[in-house]
Amino acid sequence: MQVGTKPFQAFQYVSLSQFYQDYYEYNRSLDESFSFSKVAELCQLRSRTEARNLVKGIKKLTEANIISLLECFPVEKRELEYLLLLNDLEQACDTQHASEYLKKIMLIQQKENQSNSFREIEVATSILHMTLLSIFDLHDISQDPSDISKKLKSKYSKEQIEQAIKDLFDLDFIKKENGSWKNSQKFIQKYDYTRNIFLQNFHVECLDHAKDSIEKEDVSDRYLVGASFCINSKVFPRIVQKMNSFAENLMLLENVAGDNDTVVQFNQQLVKMTN
C-alpha cells in the first residue's frame, strides 16, 4: 500500500470518525485499490463491514482498534496520544471525566501550536451565541451591545455580548453588511444523538433557563407543557423524529404575521421513565 505524508494532523480534529474518514479518502487518492477490505486485511479486523463501521464512526472505537488502525493510518506518537484522548472524551460517561479529557486535549493543542478546535462547538452550543444569531434577524435592532443587553432583559452584560459577537464573527457565523451584523449561518441545531460535553452543557443551560422563567417571567412570556404516557418502545425513535420536525417547522414561522420583533428559546425533553 502506498502511504504518503498526510496533509493534515490529528490535532486539527474534534471527531475521530471525521479524522479517519478524511484519512481514508486521502489514502484512496494515492492508491485507488485502497478499500475497506484492505483496511480489514492489514489491520486484522473481522470483516470489510467492521472496517467500514470503525472508520465511519458507526461502531465505537476501542483503544485496541485505534492501535490496529495504525497499520493503514499511521500517525506520530503525539498524535496517537491525542486520538486516544479524543476517544476517551467521546465515550466519557459523565461531565467530570469529559472535562478532564478535554483539558488534556486542549493542552496538547497548545503545545502543538494549534488553535482551539473545540471553540466552534462551544460557541455553537451556547444559548447566548444562539440568541444573538436570532437577535440580528430582528427588525431594526440596535447594533449597540448595551441596547442588546437591555433587549435581553439584562440577563447578559454588555461585555459578555461584545465577546459573544466577536466569537461569532471570528468563527464566520456572522458578517458585517452596511454597518449591521448579518447571519452567515442561519440556524445551529442541537440534536443530542451522542454523548457530548458541549451538548450536555447546552441542555443543562436550557433547563436552567426554563426553571428560572417559572420564577421570574410573566406567564404571558413563557409556556411550559409536560405529559406522561405509555408507548411501545419501538415507537421511541418515531417520537424523536417528530420532535425534530416540530422544531424545524417552528423556525419556519419567521416573518409570519409581520416583521420579527421577538426572540424565543425553545427546548424539548423526552425521557424514558421506566426500564
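These are my notebook entries on a predicted model.

**Ground rules.** I number residues from 1 along each chain as its sequence is written, and I use heavy atoms for side-chain values, leaving out hydrogens and water. Because the model is predicted, local features need pLDDT of at least 70 and side-chain atom pairs count only at pLDDT 80 or more, while totals for chains, interfaces and linings use all residues.

**Overall.** I found 12 helices and two strands in the protein; helices (H or I, at least four residues) and strands (E, at least two) are DSSP runs, numbered from the N terminus. The order of elements from the N terminus is α-α-α-α-α-α-α-α-α-α-β-β-α-α. Taken along the principal axes, the C-alpha atoms fill a box of roughly 65 × 50 × 35 Å. I looked up burial next: 33% of the 275 residues count as buried (under 20% relative accessible area, with exposed over 50% and partly exposed in between; 1.4 Å probe, protein chains only).

**Helix 5.** I checked the span of helix 5 (residues 77-90), which has 14 residues and should span 20 Å at 1.5 Å a residue; the expected span is 1.5 Å times one less than the number of residues. The end C-alpha atoms of helix 5 are 20 Å apart, which agrees. Its buried residues include Leu80, Leu83, Leu84 and Asn87. Among the elements that cover the buried residues of helix 5 are helix 1 (16-30) and helix 11 (197-216).

**Helix 5 against helix 6.** The axes of the two helices come within 9 Å and cross at roughly 155 degrees; axes are lines fitted to C-alpha atoms, for helices over the stretch in contact, and angles run from 0 to 180 degrees between N-to-C directions. Helix 5 and helix 6 are therefore roughly antiparallel (angles over 145 degrees). The contact (heavy atoms within 4.5 Å) includes Tyr82 and Leu85 of helix 5 and Tyr101 and Ile105 of helix 6. I sorted the residues of this contact into nine nonpolar, one polar and five charged; Ala, Val, Leu, Ile, Met, Phe, Trp, Tyr, Cys and Pro count as nonpolar, Asp, Glu, Lys and Arg as charged, and the others, Gly among them, as polar.

**Positive phi.** Most residues other than glycine have a negative phi. I noted Ser154, not a glycine, with a positive phi of about 55 degrees. Ser154 lies in the loop between helix 9 (145-151) and helix 10 (158-170) and is exposed, with a relative accessible area of 54%. I also noted Asn255, with a positive phi of about 65 degrees. Asn255 lies in the segment after helix 12 (236-251) and is partly exposed at 43%.

Technical notes:
Angles under 35 degrees count as roughly parallel, over 145 as roughly antiparallel, 65 to 115 as roughly perpendicular and the rest as oblique.
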